[in-house]
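This briefing covers helix packing, the ligand surroundings and selected residues of one protein. Please read it alongside the sequence and the structure displayed here.

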Amino acid sequence: MTTFVPYSPAVEQVEPEEAETIRELEAAIREIQDTTAADYGSTIRGVHAKGHGLLKASLSVAEGLPPELAQGLFAEPRRYDAVLRFSTAPGDILDDSVSSPRGLALKVLDVSGERLAGTPASDGQDFVLVNGPAFGNPTPAKFLPGLKLLAKTTDKADGAKAVFSGVMQTVEGALESVGIKSPLIATLGGAPNTHPLGDIYFSQVPFRFGDYIAKFSVAPVSPWLTDLKGDKVNAHDRPEALREVIRETIATQGGEWELRVQLCTDLEKMPIEDASVIWDEAESPFRAVARITVDPQISWQHGTSEREEADLAFSPWHGLAAFQPLGGVNRARKPVYEQSQAFRGCPVHAAASRPA
Ligand code: HEM
């Protein structure tokens, strides 16, 4: 019989130099945002700056979940309003011919229950995911050099910015994703230009899951979405290719995704403090706990969508105490996301805004 590792605060171990690492991560993100603010005359996200789709959605918790899955938000079958934002990893707004890992942020609105410190109910419950099963680095300290390099090189390209930054910005993708064997290959533009609607997205790092510990995933289930798996987007001379391909499908068909959880069954094989370890699905599979439904709609409208995404703030630290982010990478994200969002003038708690 499978046993699930119970959550206890003892599963986390803070590295001695973590506070200093976080300070340096904040400085690197701030440097990127200073650069892009000067380039664009407006403040944008420190990474995942370019949105490709902003969708009104609903999330329905599955009925009859077994006790180990009926945790936190998923304790009762219920329907919630939600928002989805598709993005790509760089902190610059690049042409889509520059291929980089894709992000998916989900905000479930009007959730109730005890909350993580400093996050009001209006923040909802966020899930912040990318299209690879594990993070490129085990700890925030190991992630730092790559982020510093990115910050230092962001504005050195002048006229050749698109090309140069195309190469350099995928450093972030390589570091923030992955599932790609060699971060260097991704760095050199090797992140596959997949269709964002065909990809499976992962939290990469672990969370408390009520009585247990889990990673999250969002996977497409509509046949017209799963058919897109592995499709490559032709972005040649199409700077907005990703917005276009998402819009083509969502405007006519909408789509459905499953929200899945992978419970930790062994702390040695599924560590909390090493974000680079892929938790083996043969040991513990991802299991569906809810369905995300998107009705046909316009997923990107120039002008309006930029304003709407600017008002939205996603963070793994927006949510229920039952889903507390775990491990060094997650601990580092709390102040870094807050700083990035404060810098871009986001209403501090912006969940109240939803796409019209
Ligand atoms: C120490 C590690 C990390 C750092 C320093 C970092 C930093 C950031 C920052 C500064 C933002 C922009 C926040 C804002 O202004 O709204 C962001 C957004 C984002 N991050 Fe991370 N991140 C880290 C790890 C991760 C991981 C592990 C994932 C997912 C598996 C991830 C996925 C995303 C996504 C999808 C967004 C865009 C959210 C949106 O749509 O607004 N990041 N990250």
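**Packing of α1 against α2**

In the contact between these two helices, α1 contributes E18, T21, I22, E24, L25, A28, E31 and I32, while α2 contributes P140, A141, L144, L147, K148, L150 and A151. By class, the residues of this α1 with α2 contact comprise 10 nonpolar, 1 polar and 4 charged. The model is predicted, and the points below are grouped by topic.

- The axes of α1 and α2 lie 9 Å apart, and the two helices pack at an angle of about 20°.
- Because angles under 35 degrees count as roughly parallel, α1 is described as roughly parallel to α2.
- The handedness of the α1 and α2 crossing is left-handed.

**Packing of α1 against α8**

- Helix α1 also packs with α8, at an angle of about 35° and with the axes 9 Å apart.
- The crossing of α1 past α8 is right-handed.
- From α1, the residues that meet α8 are E18, T21, I22, L25, E26, I29, R30 and Q33.
- Their counterparts in α8 are G328, R331, A332, P335, V336, Q339, S340 and F343.
- The contact of α1 with α8 divides into 7 nonpolar, 5 polar and 4 charged residues.
- E18, T21, I22 and L25 are among the α1 residues that meet α2, and these residues are also among those that meet α8.

- E18 belongs to helix α1.
- E18 is classed as partly exposed because it has 16 C-beta neighbours inside 10 Å.
- Residues up to four places away in sequence aside, E18 touches P140, G328 and R331.
- The C-alpha atoms of E18 and P140 are 7.7 Å apart in space, although the two residues are 122 residues apart in sequence.
- L147 is part of helix α2.
- L147 is classed as buried because 26 other C-beta atoms lie within 10 Å.
- A C-alpha separation of 7.4 Å is found between L147 and L25, which are 122 residues apart along the chain.

**Surroundings of the ligand**

- The ligand is surrounded by 30 residues, and the closest are G46, H48, G103, A105 and S340.
- Two or more residues of the shell around the ligand come from each of α1 (18-40), β2 (79-88), β3 (102-108), β4 (125-130), α2 (140-153) and α8 (328-343).
- Helix α8 gives the most to this shell, namely 7 residues.
- The residues of the shell around the ligand comprise 17 nonpolar, 8 polar and 5 charged.
- S340 is one of the closest residues to the ligand, and S340 is also among the α8 residues that meet α1.

**Loop residues**

- S203 is located in the loop between β5 (201-202) and β6 (207-209).
- S203 counts as buried because 22 other C-beta atoms lie within 10 Å.
- Neighbours within four places in sequence aside, S203 is in contact with F127, L129, K215 and F216.
- S203 and A134 are 69 residues apart in sequence, and their C-alpha atoms are 7.9 Å apart in space.
- D110 has a positive phi of about 60°, although D110 is not a glycine.
- D110 lies in the loop between β3 and β4.
- D110 is classed as exposed because 12 other C-beta atoms lie within 10 Å.
- D237 has a positive phi of about 60° and is not a glycine.
- D237 is placed in the loop between α5 (223-226) and α6 (241-253).
- D237 counts as exposed because it has 8 C-beta neighbours inside 10 Å.

**The protein as a whole**

- The protein contains 8 helices and 9 strands.
- Of the 356 residues in the protein, 49% are buried.
- Among contacts between residues at least 6 apart in sequence, 80% join residues at least 24 apart.

Methods:
Residues numbered from 1 in each chain as written. Predicted model: local features only at pLDDT ≥ 70, side-chain atom pairs only at ≥ 80, totals over all residues. Near = placed C-beta within 6 Å. Helix = DSSP H or I, 4+ residues; strand = E, 2+ residues; numbered from the N terminus. Nonpolar A, V, L, I, M, F, W, Y, C, P; charged D, E, K, R; others polar. Axes fitted to C-alpha atoms, helices over the stretch in contact; angles between N-to-C directions. Parallel < 35°, antiparallel > 145°, perpendicular 65-115°, else oblique. Left-handed = near helix turned anticlockwise from the far one by under 90°. Contact = placed C-beta atoms within 7 Å. Buried ≥ 20, exposed ≤ 12 C-beta atoms within 10 Å, placed from the backbone.
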